[in-house]
Amino acid sequence: MTDDRNRSRREVLKLLAAGSGLLVFPLGTLLAGEREAAGDGARAPYWAYAVDTTRCIGCCACMRACRDENDVTAGVFRTWVERYRIGFDGEVRVDAATDNGYVFEPAAGEVARAFFVPKLCNHCEKSVCNQVCPVGAAFNTPDGVVLVDQKHCIGCGYCVQACPYGSRFIDPKTHKAGKCTFCYHRLAEGLAPACVHACPREARIFGDLNDPHSKLSVLLRQRHYRLLKPELGTHPKCYYLELDREVV
Amino acid sequence: MIVLYPYITGLVAGAFIVSSLYHVFGRTELRAVARFSLASAFVFLLFAPLPLLMHLGQPQRAFNIMITPNFSSAMAGFGFIYAGYLIVVVMEIWFVMRHSFIERARGAGPIAWLCRIILLGNAHEDDATRAADHRIARFLAGLGIPMACLLHGYVGFLFGSLKANPWWSTPLMFVIFIFSAIVSGIAVLIFHYMVVARLNGWRLDQPCVRSLAKYLWGFMIIAVALELLEVMSIAYKQTEEWEVLGMLIREKLFVSYVVLQYLVFSLIPFFLLGINSLFSLRDRVANAMVWTAATMLLVQVLLMRWNVVVGGQLVSKSMRGFTDYFPGLWEKEGIAVAVVIFTLPFGILWVFNKIVPLFPEAVPRGGSASGTK
C-alpha cells in the first residue's frame, strides 16, 4: 500500500518534471527573443536604419532608386527627402522633393541654415500601424521589418492615419496600403536596400542591430542621434545622426 | 465619405435615444415620434456601413474585419458592435410594432405577405402577449441605450485613440461624439417630423415638439461646451501641438470651424431654442424657430464631423504646413454619392411607413378625430 503510494508519487513527480520541461523549453526559446536564430545559436539579424543628416546633399538618387526597385506608383513615395530652410528671423520653411527634384523659387529672405532630411518608414518596434490594422494585414517580421500582407489588406487607410511619420499611403493603383519594406526582397539576397545602395554620400546606413560590429551599431555607439517623435512610444528604428532640433 | 460615416451613426444613436426616452424613461409627451424615432434609427443604421464600404480600397474584403479580426485594432470592433446593435434595434422594432404587423398581415396583397414573413408565423395576440411585447421592448430599449452610446462612442474612440494626430487625439473625443450624436438625432427627428406633418396636413403634437426642442437645447449646450472646452484647454496649455493646431484653426478651418460651426450654426440655434424654451411663444412662431434651429443644428453637426475628420488630415505629419482637400462632385467618395447615401434612408423610411404607419396617432390639421395617414 505504502509502496504503491510511493511509486505513484514518484510517477507523478516524473510526469510533472517532464511536463514542465516541455513547457519551459519553448517558453525559454520565446523569452530568448525572436532575434535568436533557432538551430546553430547564431544571432539572427535585427535590421535598422540610420540617416546621417550632415551628409545628405538632397540629390534624391535614393528616391529614384526606390521607385525603380519597387515599381512605386507615380505620385506616392516610400521614401522622400525633406528640405529645411531656416531664416535669420527663425522662420522654418519645409518642402519635399518630387520626382522632378526641388522647386527653387526666388529667395524669400536670407537663409541662415539649410539641410536635408531623408525620411522613410521607421519600422517601429511598437508600430501603431500594426496595432490599428483591423484585419492583421500589417505585421512585424522577426528580423525587425514592418510589412503589409497585400493579400489581406482591405485598403481602409486607418494605418495611414495612425502612422505618426506619414510613411504609409494608399496606393492609387492597387488601392491597398503601401510603404517602405527595407527592400525585403533584397535583404533576402544579402543586399542592402536600394536607397542605401544608391546614396552617393553614404548618408543612409543600413545594418544589423544584433551585430555589435556592424557599421550601424558602431555609428550608434559613437555619434549623437535622435529619433523622430520618441514621446509617442513607438520605438522607431530609424536613427537620425546629428538631427536638427527643428525636425520632428 | 468618412465624414458621412460618423454623421449617420450619430443620427442612429440620437434617434434611438429619443425613442428610449419614451420607452424606458416614460417621457409620454414624445409618444407622437416614438415609433418614428425607432424606425429612423433603424434605417440610418442600415446605411451607416455604406460610406465605409465606399471608402475601402478592397470592399470585397470587407467581411475580413469580422472573419480575421485583429483585436489590437479599435476598428476590428466595428463589425461586432454594429451587428449587435442592429440585432437589438431590429428586435425592438419587432416587439414594438408587432401589433401593427399583425393588423397588416390580415389583409391580402404583397404587404400582408411581407408582414406575415416578418411575424415569423407568430400572429397570435391577446392582452398577455401585448403586455409581454411591451415588457420585452422596454428591456431592449434599455439595453439599446448603452449600445447606442457604445456604437457612437466607439466611432469617437476610432479618432480619439490615434496618437499620431494632435487634432484627434483626446480622450474627450468619444464623449463629444456621443453628445453631438444626440443633438443630430433629435434635430433630424424634429426636421423630418415637421416636414412630414406639413406635407400631410397634420396638426403637430405641440407638447412633443416643445419637449424635443428643450432636449435639443440642453444637449446642444453640452455638446458645444465640450467641444469648446477641449480646444480651449489645448490653446491655454500652449503646448507644442497648439502651434500647428492654432494655425489650423486660424487659417485652414477658420470659415468652416470658427465662422460656420460656431458663430452661425451653433450660436443662432442656441438663441432660437433658448428663447423658445424660456418664453412662451405662439405655436406658429415657436415651431418656425424650432424647425430652423433643428435644421441648422443638422448642418452644425455635419460641419463638426467635417472639421474633425478632414481637419485632422489637413495637418502634415511633419507638423509643418498643411495639405488641401475638397471632395470632387462625381468621384467614388464625392459629393454626389454622399448626397445619394444620405437621401436613401429617407426613401426607406417612406417605404417603411407604407408597411407600418409610423405616426399612427397623427391628427389632420383642424380635425379632432384620431386618424392615420
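In this predicted model, 30 residues line the second largest pocket. Nearest its centre lie B:Y22, B:R31, B:R35, B:P360 and B:E361. The space in this pocket comes to about 740 Å³.

Several elements of chain B build the lining of the second largest pocket. At least two residues each come from α1 (4–23), α2 (31–47), α5 (78–105), α7 (127–160), α8 and β1 (202–203). The top contributor is α5(B), which gives five residues. By type, the pocket lining splits into 15 nonpolar, five polar and ten charged residues.

The model has seven cavities of 30 Å³ or more. The largest cavity has a volume of about 130 Å³.

Which residues line the largest cavity? They are B:W167, B:M173, B:I176, B:E227, B:E230, B:V231, B:Y257, B:Q261, B:Y262, B:M304, B:N307 and B:V308. Four helices of chain B each supply at least two residues of this lining: α8 (173–200), α9 (206–237), α11 (254–264) and α13 (283–314). The cavity lining holds eight nonpolar, two polar and two charged residues.

The table sets out the two spaces.

| Space | Volume | Lining residues by type |
|---|---|---|
| Second largest pocket | about 740 Å³ | 15 nonpolar, five polar, ten charged |
| Largest cavity | about 130 Å³ | eight nonpolar, two polar, two charged |

α8 of chain B supplies at least two residues to the lining of the second largest pocket, and α8 (173–200) of chain B supplies at least two to that of the largest cavity.

Terms used. Residues numbered from 1 in each chain as written. Chains lettered and ligands numbered in written order. Predicted model: local features only at pLDDT ≥ 70, side-chain atom pairs only at ≥ 80, totals over all residues. Heavy atoms only, no water. 1 Å grid on protein atoms, 1.4 Å probe; cavity = no way out; pocket = protein on both sides within 12 Å on 5 of 7 lines; lining within 4 Å. Points joined across faces, edges and corners; volume = space filled by probe spheres on them. Nonpolar A, V, L, I, M, F, W, Y, C, P; charged D, E, K, R; others polar.
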